[in-house]
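Trainee: Hi! I'm new to this one, could you walk me through it?
Mentor: Happy to, let's open it up.

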Amino acid sequence: MTKRLYYDSSELCEFDSVVEEVAPLSPDESRPGLILRETAFYPTSGGQVHDTGWLTLDGAERLRVTEVADAEDGRIVHYLEAPATMPLVGAAVRGCIDLERRRDHMQQHSGQHVLSAAFLELYQMQTVSFHMGEDYCSIDLETPSLTSGQIAGAEKRANQIVFENRPLRIRYVSRAEAERLGLRKLPPAERDELRLVEVADFDLSACGGTHVSASGQIGSILLRKTEKVRQGTRVEFVCGERAVRMARRDYISLSEAAALFSAKLWDVPDQIRKSVEQSKLTRKQYDDALDQLAELMALAALKDQPETNGRKIVVRAFSHRDISYAKLFAQKVTRAAVPSIALVASAVDPPGLVFAQTVGGSADMGALLKHVLSSVGGRGGGSRDFAQGGVPAGCNVNVEQLLREAAGTIGA
Ligand SMILES: [Zn+2]
């Protein structure tokens with residue numbers, strides 16, 4: 001059983017101990033794991049992620065602790081980046097925790113207590129889970145939805161508690177007493193003694209994590225994205241230094257966007273809306289123009305083409321137009337008044353072919369396309385009247401040659 005020094009002091013970042021065991025948690029774990037008599041290292045649990053830091057052996061060798069895990073049997077395992085060169089069991093160690101990382105976790109975790117209590121106080125929304133990630137944290141609220149007014153309301157109330165700099169106190173009570181005190185959420189009945197964290201006159205909950213000593217140290221609480229999840233609504237948030245970092249990053253992105261539009265920051269959404277509308281209009285005009293161009297080119301091609309056996313066969317390879325234009329052109333040719341076949345290709349990499357005939361024609365476009373493409377490793381298919389396919393990119397296939405071959409097959 002490892003004595004947990006962080007229970008009594010979240011600020012304790014250096015401590016002396018003794019190595020009791022070297023035991024990885026599972027047989028497939030290759031990293032050495034140290035179990036100490038006592039530790040100030042926090043193991044991943046209760047939504048809060050683990051500490052990192054150093055263990056110095058007998059005042060000499062320094063070992064990097066990269067992960068700390070709760071073995072669920074009372075032991076805490078400190079995973080090392082690399083094995084030690086000297087015997088470990090019984091060795092005296094001095095532990096040193098990465099303070100910046102711990103302080104960040106204390107801010108996020110304490111902020112979560114305040115935020116969860118704010119949602120409960122204002123909207124009777126219970127927090128069902130908490131997650132702390134590398135970039136942001138989240139709570140899942142027991143509610144099917146959340147309005148923007150509720151998000152702003154909870155954020156305002158939570159920050160009010162931060163600005164009031166209320167003390168956070170730790171105390172230990174029996175389970176019976178905890179039930180009488182009315183915690184925000186009572187943990188499952190496993191232990192007789194519970195560790196309570198109280199944000200003065202605002203929140204009381206059972207928690208084994210590390211916390212700030214007064215709410216002002218949380219700095220600020222910034223709510224971000226919300227999304228529907230299976231168990232309710234997820235609210236992403238960041239506290240303290242993370243909130244400042246994220247606001248800075250947002251500001252840089254927004255400034256860059258504003259500079260692109262030569263606009264003020266707050267005008268960026270309007271500018272984007274206008275730009276999207278303009279681009280939709282331009283796209284429509286472009287599509288209309290392309291349609292008209294295909295129509296005119298199809299009519300010109302049909303006019304130049306003599307009729308044989310009661311139909312016209314138009315063969316055309318486009319070197320600078322893509323497969324969708326080739327398709328459009330083929331459709332225009334085969335929907336004109338005279339029965340026709342269009343054997344069309346786009347040479348734009350990856351090259352593509354479109355074979356089409358006026359509906360009900362006597363040839364089989366699908367079979368013809370398959371036949372032509374099979375010689376060059378291409379793939380495609382379709383019906384008797386319309387077929388489309390292509391050859392792999394970078395194949396250096398002469399599409400005009402393929403069209404000539406197809407035309408020859410149907411006797412053009
Ligand atoms: Zn906590």
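Mentor: We'll go from the overall chain to its helices and strands.

Trainee: Before we start, what kind of model is this?
Mentor: It's a predicted model.

Trainee: Okay, how many helices and strands are there in the protein chain?
Mentor: The protein chain has eight helices and 20 strands.

Trainee: And what radius of gyration does the chain have, next to a compact globule of 412 residues?
Mentor: The protein chain has 35 Å, whereas a compact globule of 412 residues would have a value near 22 Å. Its C-alpha atoms fill a box of roughly 100 × 55 × 45 Å along the principal axes.

Trainee: What share of the residues count as buried?
Mentor: Of the 412 residues, 33% count as buried. As for contacts between residues at least 6 apart in sequence, 60% of them join residues at least 24 apart.

Trainee: Let's talk helices. How far apart are the end C-alpha atoms of H1?
Mentor: They are 36 Å apart. H1 covers residues 99-123, so at 1.5 Å a residue its 25 residues should span 36 Å, and the two values agree. Just after H1 comes glutamine 124, with a positive phi of about 55°.

Trainee: At what angle do the axes of H1 and H4 cross?
Mentor: The axes of H1 and H4 (residues 240-261) cross at roughly 90° and come within 7 Å. That makes H1 roughly perpendicular to H4.

Trainee: Which residues make that contact?
Mentor: On H1 they are Asp104, Gln107 and Gln108, and on H4 they are Gly240, Glu241 and Arg242.

Trainee: How about H5, how many residues does it have?
Mentor: H5 has 37 residues, 268-304. From first C-alpha to last, H5 reaches 53 Å, close to the 54 Å expected at 1.5 Å a residue.

Trainee: Does H5 lie largely in the open or largely buried, and how many of its residues are buried?
Mentor: The number buried is three of 37, so H5 lies largely in the open.

Trainee: Which ones are buried, and what covers them?
Mentor: The buried residues of H5 are Ala294, Ala298 and Ala301. Their cover includes S16 and helix H6 (323-334).

Trainee: Switching to strands: in what sense do S11 and S12 pair?
Mentor: S11 (residues 168-174) and S12 (residues 193-199) pair in the antiparallel sense, over seven bridges. One of the bridges joins serine 174 to glutamate 193 in S12.

Trainee: How many residues sit between S12 and S13?
Mentor: There are three residues between S12 and S13 in their hairpin, and aspartate 201 in the turn has a positive phi of about 55°. S12 and S13 (residues 203-206) pair in the antiparallel sense over four bridges, with leucine 196 bridged to alanine 206 in S13.

Trainee: What's the strand order in the open sheet of five strands?
Mentor: The order is S16-S17-S18-S20-S19, with mixed pairing. The edge strands, S16 (312-318) and S19 (379-382), each pair on one side only. From one strand to the next, the twist averages 10°.

Trainee: Over how many bridges do S17 and S18 pair?
Mentor: S17 (residues 340-346) and S18 (residues 352-357) pair over six bridges, in the antiparallel sense. Isoleucine 341 has glutamine 357 in S18 as its bridge partner.

Trainee: Last one: which strands does H7 lie across?
Mentor: H7 (residues 365-374) lies across S18, S19 and S20 (386-390), and runs at about 170° to S19.

Methods. Residues are numbered from 1 along each chain as its sequence is written. This is a predicted model: local features need pLDDT of at least 70, side-chain atom pairs count only at pLDDT 80 or more; totals for chains, interfaces and linings use all residues. Helices (H or I, at least four residues) and strands (E, at least two) are DSSP runs, numbered from the N terminus. The radius of gyration is taken over C-alpha atoms; the globule rule is 2.2 Å times the number of residues to the power 0.38. A residue is buried if 20 or more other C-beta atoms lie within 10 Å of its own, exposed if 12 or fewer, and partly exposed in between; C-beta atoms are placed from the backbone. Two residues are in contact if their C-beta atoms, placed from the backbone, lie within 7 Å. The expected span of a helix is 1.5 Å times one less than its number of residues. Two strands pair if DSSP finds at least two bridges between them. Axes are lines fitted to C-alpha atoms, for helices over the stretch in contact, and angles run from 0 to 180 degrees between N-to-C directions. Angles under 35 degrees count as roughly parallel, over 145 as roughly antiparallel, 65 to 115 as roughly perpendicular and the rest as oblique.
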